[in-house]
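Here is a short briefing on one protein chain. Look at the fold, then read the points below.

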Amino acid sequence: MPYRYQCAQCHADADKRDRRDDAEADGQQHRDEAHHGLLPTAGDRVAKVHADGRGDRAAGVPWPRSSLLLLAGFALLVLFEMAR
Ligand SMILES: [Zn+2]
């Protein structure tokens, strides 16, 4: 399964790489060029990504916080309505 460097600060995804080392090298290059060699404050990572298919979402990527809050709010609303 290929790897991809992702910078949360720049909302940037590097190209897929077959080897994790290559994706980490992309990350170091990005940090050097875009963040003066420092870690992005919003974080970055090398993620496993699917080899093909249009959904390139990595298996380990968590849901965005806004989606989770929306889901939790909806669940609470349903529970509240059921209790009435
Ligand atoms: Zn960045």
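The expected span of a helix is 1.5 Å times one less than its number of residues. In this predicted model, helix 1 has 15 residues and reaches 21 Å from its first C-alpha to its last, close to the 21 Å expected. The points below take the sheet, then the helix.

- Three strands form an open sheet in the order 2-1-3, and their pairing is antiparallel.
- Strand 2 (12–13) and strand 3 (44–48) are the edge strands, each pairing on one side only.
- Strand 1 (residues 3–7) joins strand 3 through five bridges, in the antiparallel sense.
- Gln 6 has Arg 45 of strand 3 as its bridge partner.

**Helix on sheet**
- Helix 1 (residues 20–34) packs on the sheet and touches strand 1, strand 2 and strand 3.
- The direction of helix 1 makes about 20° with that of strand 1.

**Two sides of the helix**
- An α-helix has 3.6 residues a turn, so residues three or four places apart point the same way.
- Buried in helix 1 are Ala 23, Asp 26 and Gly 27.
- Seen down the axis of helix 1, these buried residues fall within an arc of 100°, so they line one face of the helix.
- Strand 1 and strand 3 are what the buried residues of helix 1 pack against.
- Asp 21, Gln 28, Gln 29 and Asp 32 are exposed on the other side of helix 1.

**After the helix**
- His 36 follows helix 1 and has a positive phi, near 55°.

Key: Residues are numbered from 1 along each chain as its sequence is written. This is a predicted model: local features need pLDDT of at least 70, side-chain atom pairs count only at pLDDT 80 or more; totals for chains, interfaces and linings use all residues. Two strands pair if DSSP finds at least two bridges between them. Helices (H or I, at least four residues) and strands (E, at least two) are DSSP runs, numbered from the N terminus. Two residues are in contact if their C-beta atoms, placed from the backbone, lie within 7 Å. Axes are lines fitted to C-alpha atoms, for helices over the stretch in contact, and angles run from 0 to 180 degrees between N-to-C directions. A residue is buried if 20 or more other C-beta atoms lie within 10 Å of its own, exposed if 12 or fewer, and partly exposed in between; C-beta atoms are placed from the backbone. The arc is that of the directions from the helix axis to the C-beta atoms.
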